[in-house]
Amino acid sequence: MKFVTFNIRLDWKRDGKNNFEFRQPLILKILRREQPDIVCFQEVLPHVHRWLKEALPDYSVVGCAREPGFRGESVSIAFRRNLFNLIHMDTFWLSPEPFVPGSRYEVQSDCPRTAIELLLHVDNTEQVIRVLNTHLDHRGAPARRLGLSQILRHLDAAQLFPDAPIVLTGDFNAPPGSEELDVFRDFPGYCNATEGIGFTYHGFMQNTPAMIDYIFLRGPVSCKGIEKWTYSEDGVFLSDHYPICADLSLG
């Protein structure tokens, strides 16, 4: 299974030659070339979500914008229709009121944060996989710690196929060794498949690079290989983050 986490970068109209409209052809070119089975996107605005659905006809693309009225960013997931059957989907806000759209923790920035969880059946097999995609707060470690703890408790409480392998991914906005990632000590069994991969955020080579994008695994799933998509053409990148592609094996 070819699995990708990809912060696609907001369509800010402030990125010069890396504005979204200039990155779109390269994004589509690489997705078609690489043929991933599952892609977890972050920073997906509503018009970008619509574009993904139109540009990727072989995929189901699901996600919910984080602001009331379905405005703002989403963490969307695209999966191949011919490979997976959707059993269950859940979206919740990282907050004390997870089912109140737009809610957030008091220590958080003004930006609401969400998580999307899919339970997928691998077609023509008896296997299922649980995928959770998120984008943690960009301002403070306390909010990231609360959000990550909430996600891990949510995964522990799964009732439908509770033993299904888990892939937890996204932009955590926290480098390796940061205090918010210490939360994993209270939830044993997770393996960081991205350990040692190097920086993932590059800011179009204008900012200090950082490792903040992750793929964590738990249960009967293993990583056979991992790489960053460092493609660029004439100074145009896929995003201000390098997408991470993992070759995963179930069972």
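I took a pocket as an open set of points on a 1 Å grid over the protein atoms alone, where a 1.4 Å probe fits, with protein on both sides within 12 Å along at least five of seven lines; lining residues have an atom within 4 Å of a point. The model is predicted, so local features need pLDDT of at least 70 and side-chain atom pairs pLDDT 80 or more, while totals for chains, interfaces and linings use all residues. Residues are numbered from 1 along each chain as its sequence is written, and side-chain values use heavy atoms, without hydrogens and water.

Entry one, the largest pocket. I found 18 lining residues, with Arg9, Glu43, His135, His138 and Asn173 nearest the centre. The volume (space filled by probe spheres set on grid points joined across faces, edges and corners) is about 440 Å³. I sorted the lining into six nonpolar, four polar and eight charged residues. Nonpolar covers Ala, Val, Leu, Ile, Met, Phe, Trp, Tyr, Cys and Pro; charged covers Asp, Glu, Lys and Arg; the others, Gly among them, are polar.

Which residues of H1 meet H2? I listed Phe20, Gln24, Ile27, Leu28 and Arg32 in H1 against Val48, Trp51 and Ala55 in H2, contact being heavy atoms within 4.5 Å. The residues of this contact are six nonpolar, one polar and one charged.

Notes
Helices (H or I, at least four residues) and strands (E, at least two) are DSSP runs, numbered from the N terminus.
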